[in-house]
Structure formats: structure tokens, C-alpha cells
Amino acid sequence: GFNDPTIWIDTGNKAVNYMVSGDFTKGFPLGKVSVVAGESGSGKSYLVSGNAIKDAQRQGIFVVLIDTENALDEEWLHNLGVDTSEEKLLKFNVAMIDEVAKIISEFTASYKKDYADLPDEEKPKVLFVIDSLGMLMTPTDVAHFENGDLKGDMGRKPKALKALITNCVNMFGNLNIGMICTNHSYASQDMFNPDPVVSGGAGPIYAASILLVMGKLKLKEDEEGNKVSEVRGIRSVIKCMKTRYNKPFEQTTVQIPYSTGMNPYSGLIELFEKKEILTKDGNKLKYTYLDGTENKWFRKELIRDTSILDKIVDEFQTVMENREKKRLEDMAASGDSEEE
């Protein structure tokens with residue numbers, strides 16, 4: 001049968017959600033493997049170990065957090081709204097791919113054994129988070145280091161990562177279990193393909209259902225969009241390199257101020273402009289409501305008053321839902337006429 005996702009985890013940003021799923025409230029699905037790659041300091045741990053875990057816990061999803069960088073301090077997680085109590089989160093500090101595979105396979109085997117007879121809606125929901133794939137090692141790495149040899153694992157790591165992700169994809173398909181991984185990326189040296197290169201070989205790219213790549217810029221704006229001289233946070237350029245639920249290669253820029261955290265509306269105006277939902281009219285942006293009335297705002301007005309953006313989001317979502325409903329009705333009507 002089919003295993004279409006029914007449970008989604010919010011990324012914390014409406015534009016990023018839409019790029020991934022075509023819905024402003026749906027980010028990462030359970031039953032699938034998602035990868036968020038990026039350079040150091042681009043906000044990938046904030047997005048995954050912060051926003052995603054917080055929303056998963058809000059929905060009653062139990063989180064298994066695998067920290068390979070020894071970087072996820074409890075105070076930092078608390079500041080991002082993550083509940084670290086044993087009832088809601090289980091954390092491992094792990095260094096080797098083999099250990100991660102053992103944790104996931106034993107957990108999944110126990111899950112199947114304990115809940116096999118329950119209906120799907122009654123089975124516990126679980127999210128694995130690996131932060132990050134890039135820091136994982138193979139037993140060969142460890143053995144060589146212990147012997148004072150730094151020649152590496154001779155290419156074993158990409159094969160091991162591919163096996164890990166591929167097995168997880170197959171295990172999670174019909175269960176209420178999902179996985180989100182962070183990974184490293186580096187600048188491309190290919191003049192014909194300037195997109196960042198995701199480390200770890202083919203596994204994180206080909207096996208994952210969703211692949212986001214994040215780049216880091218400096219945020220030099222205040223809360224109202226005014227330019228300032230000091231760095232107030234991070235501007236993260238997020239490109240959806242792969243998704244099974246929307247058109248890939250969409251891109252937006254989100255803001256993560258140091259003082260307030262990610263702005264869920266950042267990138268939304270840019271997205272609406274690309275889709276010509278908001279159009280330039282002199283120094284203002286114009287929008288036509290579904291009832292035909294027009295309104296115009298300065299960009300800073302939209303930044304300050306997010307209720308306007310909420311109204312546009314609701315109307316756009318209604319248009320998309322009606323379009324999908326009509327498509328399904330047309331398909332059904334076409335099937336009926338063929339039978340006749």
C-alpha cells in the first residue's frame with residue numbers, strides 16, 4: 001500500500017514550510033528521512049535541534065536526539081523551547097556510524113514488537129534527530145587514530161552513511177517514525193554547478209525525501225527592517241534542493257536575530273513577490289484580495305504588521321486547496337467517462 005505522510009513537523013518558518021511541502025504549516029514529515037545541510041553557523045542546528053524538536057514535542061512526538069558533535073547543551077536547548085525531560089526526549093552522545101545504526105535498529109525492532117497489534121493512529125509517534133552526519137566516524141577512523149595513524153578510513157564513511165540512511169528510509173515507511181539529520185556542506189568548485197556540495201557521499205542526497213541547504217550571511221537589520229551597522233544575527237539563505245511534495249530548487253532568505261530567534265515570517269514577502277502574489281506598485285507592494293479589493297503597503301508595514309501576511313497566507317492556501325480539489329474532481333469525472 002501507500003505510505004503518504006499524515007504527520008508533519010513545523011520548521012518554524014512559513015516560507016520554508018511552503019518550499020518543502022506546498023503548505024505553510026507543514027515542514028518535515030514522519031515516515032521519511034529529511035536532511036538539512038549547511039556551512040558552519042548557518043542555523044541548521046537551530047532549525048532542526050531547536051524548532052523541529054520543539055514542534056514535535058508540541059504534537060506529542062517523542063524525540064530521540066543523537067548528538068555527534070557534543071555541542072547540544074541543555075541550557076541552549078531550553079532557550080530554544082525544547083523540553084529535555086526523560087518523558088519527552090532521549091539524548092545520546094555518539095561518535096560512530098555503527099553505534100547510531102545499532103540504536104535506531106534496536107529501537108525500531110522493539111517498537112514493532114511492542115506496538116504491532118495497535119491501529120496506526122494509536123501507535124506512539126517518534127522522531128530521530130541526528131546532529132550531525134558530518135561528524136560521525138567509522139570504526140576504521142577510530143582504530144587508526146588509536147594507533148597514531150591519521151590516514152582516515154579509506155572511503156568507508158560514504159558507504160556506511162548511505163547504508164544507514166537507506167535502511168532508515170525502508171524501516172520508517174509504514175511506521176509513525178521519522179528522522180531529520182543535519183549535515184555539512186562546502187563550496188562547489190564546479191563553475192557549471194555553483195550550488196553547495198553536501199558532504200557524505202550519495203546517501204544523504206539520493207535516499208532522503210527532503211534536502212535543504214543553508215548558507216550564512218550577516219543580519220544587519222533591526223526588527224522593523226532598518227539597516228544598522230552592527231551584526232544583529234544571521235541571514236540564512238535556504239534552498240530546497242530536493243522535495244517529493246513541491247517544486248524543488250525554490251530559495252528564500254530567513255532571518256535569525258540573536259535576541260529573538262528565527263522570524264517565522266521572514267522570507268515570506270520574497271516568496272510572494274516571486275509568485276507575483278505581491279506586485280510592485282511604485283514604492284509599495286500591491287495585493288488583490290479574493291473579493292477583488294486591492295490594497296497597497298510599504299514593505300516595512302508588512303514587516304511590522306504580520307496580521308496582513310497571515311491574511312494573504314490564508315487566502316493563498318484556500319486557492320491552492322480549491323485548485324487541488326478541482327483537479328481531483330476532474331480526475332474522477334475523467335475516470336467515470338472512460339468507464340461509460
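Glu250 sits in the loop that links β10 and β11, where helices (H or I, at least four residues) and strands (E, at least two) are DSSP runs, numbered from the N terminus. This is a predicted model, so local features need pLDDT of at least 70 and side-chain atom pairs count only at pLDDT 80 or more, while totals for chains, interfaces and linings use all residues. Residues are numbered from 1 along each chain as its sequence is written, and side-chain values use heavy atoms, with hydrogens and water left out.

Glu250 counts as buried because its relative accessibility is 12%; buried means under 20% relative accessible area, exposed over 50%, and partly exposed in between (1.4 Å probe, protein chains only). Setting aside neighbours within four places in sequence, Glu250 is in contact (heavy atoms within 4.5 Å) with Met19, Ile238, Lys239, Cys240 and Lys275.

Next comes the nonpolar core, meaning a set of buried Ala, Val, Leu, Ile, Met, Phe, Trp, Tyr and Cys residues joined through side-chain atoms within 4.5 Å. The largest one has 34 residues, and Ile9, Phe28, Val36, Leu127 and Leu212 touch the most other members. Elements supplying at least two residues each include α1 (14-21), β4 (62-67) and β11 (251-257), but α2 gives the most, with six. Phe28 touches Trp8, Leu47, Ala52 and Ile180, among others, not counting residues up to four places away in sequence. A second, separate core holds 31 residues, including Val64 and Tyr111.

As for Leu328, it is found in helix α10 (residues 306-339) and is partly exposed, at 45% relative accessible area. Leu328 and Lys218 are 110 residues apart in sequence and 45 Å apart in space, C-alpha to C-alpha.
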